[in-house]
Amino acid sequence: MKVYIATMNPFPIGLAATNRIIHYGKGLVKSGMECEVVVLYRTERGNIVNRLAEGVYEDIPFRYISGNTERSNSFIRRRIDDLISDIGLFRNLCRKTKKGDVILWYIGSKGLLYTRLVQIICACKGVRLVRELCELPYATSNDSVWSRFRRWCYNKIVMPRFDGFVSISEELSVYAGRVARGVPYVKVPILVDVN
């Protein structure tokens, strides 16, 4: 069994989300699990800090699906690169994952259809898809009718079909238990201290 941590955050150098992913990876590696961080999209623009598209950081293997970390300055080129990365993700799901593997989905609200397609592929392959919850899906500072509608759809169609949840707070654990009844969840408080 292998655990893949799927993310759209830069790796191995980044902000709070990257540090949290590093802590998840360290915990998995320390407990004897095979683990790999898979970055879905190119993350670097301007002052590039992550130049390696593949490597090992503190015993955690990682790779960028596109094979490159740099985002183009061109809007059209970025859309093409993102589409190629999306195709790469689906190809990787079909070819590299095996029955019993786990994907820790450390991706915000990527989109209803996109996430649903990932869930269907995982279900067909026997791969468990676990959603990391560090915030409410489609949470915005201005909670518009549109964001509430998207959250309602996500809660009804996508959330109950995850195989589990990892949440950072009691409130998010309660939320997961309410919108996805019967789906197991675990609370892992925000990790700041490696030990």
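A residue is called buried under 20% relative accessible area, exposed over 50%, and partly exposed in between, using a 1.4 Å probe and protein chains only. By this rule Asp59 is exposed, with a relative accessible area of 60%.

The model is predicted: local features need pLDDT of at least 70, side-chain atom pairs count only at pLDDT 80 or more, and totals for chains, interfaces and linings use all residues. Residues are numbered from 1 along each chain as its sequence is written, and side-chain values use heavy atoms, with hydrogens and water left out.

Helices (H or I, at least four residues) and strands (E, at least two) are DSSP runs, numbered from the N terminus. Strands of a sheet pair through backbone hydrogen bonds, either parallel or antiparallel. Two strands are taken as paired if DSSP finds at least two bridges between them. Eight strands form an open sheet in the order E3-E4-E2-E1-E5-E6-E7-E8, with mixed pairing. Strand E3 (54-57) and strand E8 (185-187) stand at the edges. Each has a single partner strand, so one side of each is left without a neighbour in the sheet. On average, neighbouring strands of this sheet are turned by 20° against each other, direction ignored. Such angles run from 0 to 180 degrees between N-to-C directions, with axes as lines fitted to C-alpha atoms, for helices over the stretch in contact. Within the sheet, E1 and E2 pair in the parallel sense over six bridges. Tyr4 has Glu36 of E2 as its bridge partner.

Side chains of opposite charge can pair when their charged atoms come close. A salt bridge is counted when a side-chain nitrogen of Lys or Arg is within 4 Å of a carboxyl oxygen of Asp or Glu. The structure holds ten of these salt bridges. One joins the side chains of Lys2 and Glu36, at 3.0 Å from N to O. This pair links distant parts of the chain, with Lys2 in strand E1 (residues 2-7) and Glu36 in strand E2 (residues 34-39), 34 residues apart. Both residues are buried. Arg63 forms a salt bridge with Glu36 as well, the closest N and O atoms being 2.6 Å apart. Here too distant parts of the chain are linked: Arg63 lies in strand E4 (residues 60-64), 27 residues from Glu36 in strand E2. Arg63 counts as buried at 10% relative accessibility. Glu36 is buried at 9%.

Asp82 counts as buried at 14% relative accessibility, whereas Arg79 counts as partly exposed at 35%. Elsewhere, salt bridges that share partners join Lys2, Glu34, Glu36 and Arg63 into one network. Arg79 has a second contact: Arg79 lies over the face of Phe75, at 4.4 Å from the ring centre. A charge sits over a ring if NZ of Lys or CZ of Arg is within 6 Å of the ring centre and within 35 degrees of the ring normal.

Rings of Phe, Tyr and Trp (its six-membered ring) pair if their centres lie within 6.5 Å; planes under 30 degrees apart count as stacked, over 60 as edge-to-face and the rest as tilted. The count comes to eight aromatic pairs. In one of them, Phe149 and Trp152 have ring centres 6.5 Å apart and planes at 20°, so the pair is stacked. Both residues lie in helix H4 (residues 145-158), three residues apart, about one turn of the helix. Phe149 is partly exposed, with a relative accessible area of 43%. Phe11, Tyr57 and Phe62 form one aromatic cluster.

The backbone shows several marked features. Most residues other than glycine have a negative phi, and most peptide bonds are trans. A cis peptide bond joins Phe11 and Pro12, with omega about 5°. Pro12 lies in the loop between E1 and H1. The loop between E3 and E4 holds Glu58 and Asp59. Phi is positive in both, near 45° for Glu58 and near 70° for Asp59. Glu58 is partly exposed at 39%.
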